[in-house]
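Reader: I have a model open on my screen and would like to understand the words used to describe it. Could you take me through them one at a time?

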Amino acid sequence: MAHANRSVLRRWLSDVRESRDAPHDEGIDPCGVRWQRHAEGVLELTPAASARSTHDTNDTDTPGSAHRYDAILSCGIHGDETAPIEIVDGILRDIADGQLTLRERLLVVLGNPDAVRAGKRYLEYDLNRLFQGAHAKRAESPAVQRARELEVIVAQYFAGVDGVRRQRRHIDMHTAIRPSLFPRFAVVPGTAQHVPSEAWIDTLAAAEIEAVMRTEQPSVTFSYYTCARFGAQSCTLELGKVAPFGQNDLANFAGIDAALRRWLSGGEMGAREDGKVLRAQRFRVAAEIVRRTDAFVLDVAADTPNFTPYPAGTVLARDGENTYTVSHPEERIVFPNPNVANGLRAGVMVVPD
């Protein structure tokens, strides 16, 4: 396309990786998409048809001008989880080049630019443990400031610009630090007021997400925040294993990439072109193993894959006089990590849903 060097969408990732500057500016990309930069790594995009002047009476006749979603696509909450960043970067570049027509209002969030530049999961504290107000309980730090900043931006974004209440959807993409028996899986939060629909779970399955774990446990993650606070269809996607930039086999994520593109271009995320109906293995969270003290021991090998099953009676964790013993006929462990800070979860136990 012409003037590609002026495209904010094409520069998105390179700007973040090469500079700490975070200008708050706005404009219209050469592809016609209106953009507004709220902070470093945070871009709000408005589809070209909706970005036209209100004096253009043809706006309402333009296919896709009445977008359905206030959408959030986030990645890089952990700086070493590069595959989702590459997926989002590819989508933005194709929008910029006219290969993908954006028809939904979209907030793109690269969560932790400092950690991305350093190639580390996080620098001083795990950003994905600081949402839903948890940052207020921590000493001031760049991670605390970033969580607070992102909460403010998301609240303003969902408040809208035209008084129209649209469907809200937030997809927060990650990669896992260990292998998994289901390499692509989703954590779907819910509350008593915002129960995940069957259609939402089926949509994720159609995107080649192999397992879905539902949880109603209050949490301090980014996806729980958008679900509990704003009633968004939210999920945390785990897409394979951590790898450096350029070493991800993006073919492994073709299903979710295609689904995101269908959705953002005005189609249905779950409407596969091949017509296949896919089903995900379904689990619900039975319990969380929380590290309380420095005496905590998790009896799980460091290379244990996510979703490894354990039979009833297995003692998995000890913390002083407290133990965690499998109480269901079988429970599977997800996100086992004994090295978390005291007060944080060291593992999630799930059972069939």
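Author: Gladly, and let's start with Pro309, which at 35% relative accessibility counts as partly exposed. Pro309 sits in strand S12 (residues 308-311). Residues are numbered from 1 along each chain as its sequence is written, and side-chain values use heavy atoms, with hydrogens and water left out.

Reader: Why is Pro309 called partly exposed?

Author: Buried means under 20% relative accessible area and exposed means over 50%, with partly exposed in between (1.4 Å probe, protein chains only). Pro309 has 35%, so partly exposed is the word for it.

Reader: What makes S12 a strand?

Author: Helices (H or I, at least four residues) and strands (E, at least two) are DSSP runs, numbered from the N terminus. S12 covers residues 308-311.

Reader: Which residues does Pro309 touch?

Author: Contact means heavy atoms within 4.5 Å. Not counting residues up to four places away in sequence, Pro309 touches Leu181, Glu330, Glu331 and Arg332.

Reader: Is Arg279 buried or exposed, and how do you know?

Author: Arg279 has 62% relative accessibility, so it counts as exposed. Arg279 lies in the loop between helix H7 (254-264) and strand S10 (281-290). Leaving aside neighbours within four places in sequence, Arg279 is in contact with Asp202 and Ala205.

Reader: How do you know what to call Ala139 and Ala155?

Author: Ala139 is at 62% relative accessibility, so it is exposed; its place is in the loop between helix H3 (113-118) and H4. Ala155 has a relative accessible area of 28%, so it is partly exposed, and its place is in helix H4. Ala155 touches Tyr225 and Phe230, again not counting residues up to four places away in sequence. From C-alpha to C-alpha, Ala155 and Phe230 are 8.1 Å apart in space, although 75 residues apart in sequence.

Reader: What makes helix H6 largely enclosed by the rest of the structure?

Author: Seven of the nine residues of H6 (residues 222-230) are buried, so the helix is largely enclosed. The buried residues are Phe222, Ser223, Tyr224, Tyr225, Thr226, Cys227 and Phe230. Among the elements that cover them are strand S4 (69-75), helix H4 (142-159) and strand S9 (233-241). Gly231, with a positive phi near 70°, follows H6.

Reader: Why are helices H1 and H2 called roughly antiparallel?

Author: Axes are lines fitted to C-alpha atoms, for helices over the stretch in contact, and angles run from 0 to 180 degrees between N-to-C directions. Angles under 35 degrees count as roughly parallel, over 145 as roughly antiparallel, 65 to 115 as roughly perpendicular and the rest as oblique. H1 (residues 8-18) and H2 (residues 82-96) pack at about 155°, with their axes 7 Å apart, so they are roughly antiparallel.

Reader: Which residues of H1 and H2 meet?

Author: Leu9, Arg10, Trp12 and Leu13 in H1 meet residues of H2 including Ile85, Val88 and Leu92.

Reader: How do you know how far to trust the coordinates?

Author: pLDDT is the predictor's confidence in each residue, from 0 to 100. The mean pLDDT of the protein is 90, and 92% of its residues reach 70 or more. Over residues 51-65, however, pLDDT stays under 50. Where pLDDT is low, the predicted coordinates should not be read in detail.

How values were computed. This is a predicted model: local features need pLDDT of at least 70, side-chain atom pairs count only at pLDDT 80 or more; totals for chains, interfaces and linings use all residues.
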